[in-house]
Amino acid sequence: MDTDVLIVGAGPTGLTLANELRVAGVPAVLVDKLPRRSALSKAGGVQSRTQEAFDQRGLLEPLLATGNHPIGTAHFAGITLPLTRDRHRHPWRSVPQVVIEGFLEQHLAAQGIHVRRDHELTGTTQDGDGVTATFASGGVIRSRYLVAADGGRSTVRSLVGAEFPGRPGTATVVAADVRLSGDDQAMTHTRSEDGHWASVFPLGTDPQGRPLRRLSLGGPGRSLPREVPVTEDEIGEGLRAVFGSRVQLLELCYARRITNAARQAARYRHGRVFLAGDAAHVHLPIGAQGMNTGIQDALNLGWKLGAAAHGWAPEHLLDTYHTERHPAAAAVLRNVQAQSLLMDWEGTGDPDLAAAKDLFAALVRLRDVQYHLDDMLSGMGIRYPMPGTENQPLVGLPAPDLDLGPVRSHELLRRGRGVLLDPAGRFAEVAARWQDRVHRAGQGADTEPMLIRPDGYVCWAGNADDLEPALVHWFGEPR
């Protein structure tokens with residue numbers, strides 16, 4: 001066996017997973033078919049839950065120190081949600097995918113983990129002990145598990161014959177990183193009377209310190225085949241159609257056409273092979289949902305593979321990756337499709353659709369509606385199905401970041417172990433039996449007892465009689 005886990009694809013999902021396995025103390029190999037890391041910004045927003053997860057690993061502060069990453073406000077279908085801005089410790093931020101990839105790759109390299117590039121996967125076979133991966137170069141890597149993080153056109157997904165049902169792309173819009181004239185920081189989604197539209201969001205600054213924007217353009221007649229190059233003239237004309245002479249293109253840094261395809265793998269696990277990120281789900285990139293969903297896949301899967309590699313994972317644990325993450329991504333696909341419809345992505349000008357959007361915009365003025373949408377978009381409202389959700393409101397949700405005196409509860413997760421908060425000191429005896437996997441803390445703190453998984457989700461709270469069954473369920477039999 002060459003390694004415990006082979007990760008195919010060194011985007012945000014694969015890099016995050018490699019770091020999770022490093023924290024778990026599990027050998028992993030990370031390969032990518034590209035000869036060098038992409039310089040394209042791609043995704044641009046980091047939601048609150050993803051920032052929490054980076055904070056739980058001690059990565060958030062150094063990531064934000066890499067540049068100017070402005071705070072943003074959530075939106076749904078281009079309608080801003082201003083009442084949600086200060087709900088969470090970590091508000092939305094604009095951090096381009098290329099920055100996250102560079103940061104994570106350098107972080108891993110500092111720990112002696114390097115991406116093996118120019119590794120184009122050509123075949124996989126698996127047996128009862130592991131997976132054999134072959135590459136175009138003739139190389140072979142044998143691993144106990146393989147994770148496909150190789151994007152929407154995943155080679156691994158094709159090789160294992162995974163079903164990928166859903167809707168193919170029926171239209172495209174332009175997505176570009178640009179410098180624009182004017183300084184309208186508040187621009188979000190703007191539409192002309194004849195159905196042309198533009199979305200503009202801040203991306204921080206370029207190497208010269210000049211403001212960068214993520215621009216999307218669509219509307220009647222703007223859907224062209226993906227392979228048609230995006231030109232400066234096309235972007236300039238699109239800006240004029242929406243803004244007239246108020247906004248002009250100063251520099252085009254990067255552009256591509258994106259589609260409204262919406263697909264999701266029927267199963268995330270195929271024996272010893274797991275699908276994650278865009279290999280498991282693709283959709284229109286609205287509201288920074290794609291990159292964040294992939295990172296959350298990695299956070300969910302990483303500690304479970306670590307448990308399996310160390311030999312203490314309960315038999316069902318790896319299967320919970322699918323049962324937890326498949327519904328979460330299905331909900332993302334639904335919300336993105338709803339946003340696409342309300343935005344009138346193709347510029348149909350349908351009066352019935354306009355009436356529906358007007359009604360929706362009125363509802364969104366209500367605080368509870370904004371909070372509901374924010375929970376969905378920020379990742380903070382994801383509640384995994386697990387024992388205890390029936391009668392314990394915390395179970396299945398991200399753990400609150402509690403002040404425990406010398407540390408915050410999220411800081412206790414930096415070793416990648418479970419955490420048992422035991423404020424009254426009642427559970428020392430039972431916790432001692434799992435001390436190699438679960439850290440007991442919080443004695444004397446003003447909080448209720450709870451058990452937190454390594455990925456930061458509460459898996460037990462409240463009833464003392466249920467603690468030992470929860471420890472067995474998530475952390476296996478004690479040694």
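This talk covers the cavities of a predicted model, then one of its helices.

Some conventions. In this predicted model, local features need pLDDT of at least 70 and side-chain atom pairs count only at pLDDT 80 or more, while totals for chains, interfaces and linings use all residues. Numbering starts from 1 along each chain as its sequence is written, and side-chain values use heavy atoms, without hydrogens and water.

Cavities. A cavity is a set of points on a 1 Å grid over the protein atoms alone where a 1.4 Å probe fits but cannot get out, and lining residues have an atom within 4 Å of a point. Points are joined across faces, edges and corners, and volume is the space filled by probe spheres set on them. The whole structure has 3 cavities of 30 Å³ or more.

Helices are DSSP runs of H or I, at least four residues, numbered from the N terminus.

Now helix 12, residues 467–475. Its buried residues (under 20% relative accessible area, 1.4 Å probe, protein chains only) are Leu-467, Ala-470, Leu-471, Trp-474 and Phe-475. They lie on the same side of helix 12 because they cover an arc of only 100° around the axis, taken from the directions from the helix axis to the C-beta atoms. Gly-476 follows helix 12, with a positive phi near 75°.

Methods
Buried means under 20% relative accessible area, exposed over 50%, partly exposed in between (1.4 Å probe, protein chains only). Helices (H or I, at least four residues) and strands (E, at least two) are DSSP runs, numbered from the N terminus. On a 1 Å grid over the protein atoms alone, a cavity is a set of points where a 1.4 Å probe fits but cannot get out, and a pocket is an open set with protein on both sides within 12 Å along at least five of seven lines; lining residues have an atom within 4 Å of a point.
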